[in-house]
Amino acid sequence: MKSRKTKPLPVGQFSTWLSRFRKALKNETGVNVKCGDCNACCRSSQFIHIKPEETGTIARIDNRLLFPAPGLPKGNMVLGYDKNGCCPMLREGQCSIYEDRPITCRNYDCRIFAAAGIDAGGKEKKLVDQQVRRWIFKYKDKLDRRQHSAVMAAAEFLKENTTIFPAGSVSGNPGQLAILAIKCYNVFLRPGLLRNNKETAQMIISAVKNFDKDLR
Ligand code: SF4
Ligand code: SF4
């Protein structure tokens with residue numbers, strides 16, 4: 001019998017998840033992760049960004065736990081983690097400010113790593129990776145499978161070709177990489193049409209620009 005920690009968790013149809021997550025990136029909806037009793041991402045040495053307008057959240061957190069967010073305008077804060085990698089707001093296994101938790105926490109969806117076929121990070125993220133391996137997507141038809149293959153191919157390309165993109169635009173951060181792959185996956189829907197890495201990189205840059213333009 002599979003242990004509770006390895007038991008598969010159905011996500012549903014890949015294309016449905018993909019479409020919802022892309023809408024969530026555009027702030028048109030939220031993510032809907034069925035976390036159950038998992039709190040892996042609260043125990044994985046994550047810095048949590050909190051925006052200045054999240055006043056309700058900031059009011060709930062001891063200001064000694066908050067630090068100015070590097071490289072962002074004044075008022076943006078970061079909540080760190082303790083020596084065990086746990087968020088200080090995690091008490092007895094649960095978020096003590098759940099109803100006021102940061103937007104970063106509300107929008108976190110570890111299924112992006114299952115979609116992109118990559119790990120969430122190094123050993124600090126091993127609890128998240130355990131959870132990621134449990135997610136199982138369903139495929140209604142060939143397009144569903146092609147979409148998933150395209151997201152994975154995009155992630156692989158970005159990982160292998162970081163240096164051909166403009167400096168700083170593709171980082172080695174797995175979360176950012178998975179999100180970029182989800183934004184530009186359509187470039188990889190017809191892999192037979194791709195010619196060389198430079199052209200593929202240009203197509204990715206255009207696809208991401210196109211996706212992001214609705215955000216402005
Ligand atoms: S790791 Fe995934 S399932 Fe677990 S709490 Fe975080 S988002 Fe939810
Ligand atoms: S604020 Fe709450 S949800 Fe966010 S990481 Fe901390 S314990 Fe988890």
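Two residues are in contact if their C-beta atoms, placed from the backbone, lie within 7 Å. With that settled, I looked at the protein chain of this predicted model. Of its contacts with a separation of 6 or more, 70% come from residues 24 or more positions apart.

Overall shape next. I asked what radius of gyration the chain has, and it is 18 Å. A compact globule of 216 residues would be near 17 Å, so the chain agrees with that. The C-alpha trace spans about 55 × 50 × 30 Å along its principal axes. I found 8 helices and 7 strands, and 29% of the 216 residues count as buried.

Then the ligands. Around ligand 1 I listed Val33, Cys35, Cys38, Asn39, Ala40, Cys41, Tyr108, Cys110, Val128 and Gln131. By class that shell has 8 nonpolar and 2 polar residues, with no charged ones.

Ligand 2 has Cys42, Ile48, Cys87, Met89, Leu90, Cys95, Ile97, Arg101, Pro102 and Cys105 around it. Its shell counts 9 nonpolar residues, 1 charged and no polar.

Last entry: isoleucine 58, which I found in helix 2, residues 55-60. Leaving aside neighbours within four places in sequence, isoleucine 58 is in contact with Ile50 and Met77. I also checked isoleucine 58 against proline 102, 44 residues apart along the chain, and their C-alpha atoms are separated by 8.5 Å. Pro102 is also one of the residues I had listed around ligand 2.

Notes. Residues are numbered from 1 along each chain as its sequence is written. Chains are lettered from A and ligands numbered from 1 in the order in which they are written. This is a predicted model: local features need pLDDT of at least 70, side-chain atom pairs count only at pLDDT 80 or more; totals for chains, interfaces and linings use all residues. A residue is near a molecule or strand if its C-beta atom, placed from the backbone, lies within 6 Å of it. Ala, Val, Leu, Ile, Met, Phe, Trp, Tyr, Cys and Pro count as nonpolar, Asp, Glu, Lys and Arg as charged, and the others, Gly among them, as polar. Helices (H or I, at least four residues) and strands (E, at least two) are DSSP runs, numbered from the N terminus. The radius of gyration is taken over C-alpha atoms; the globule rule is 2.2 Å times the number of residues to the power 0.38. A residue is buried if 20 or more other C-beta atoms lie within 10 Å of its own, exposed if 12 or fewer, and partly exposed in between; C-beta atoms are placed from the backbone.
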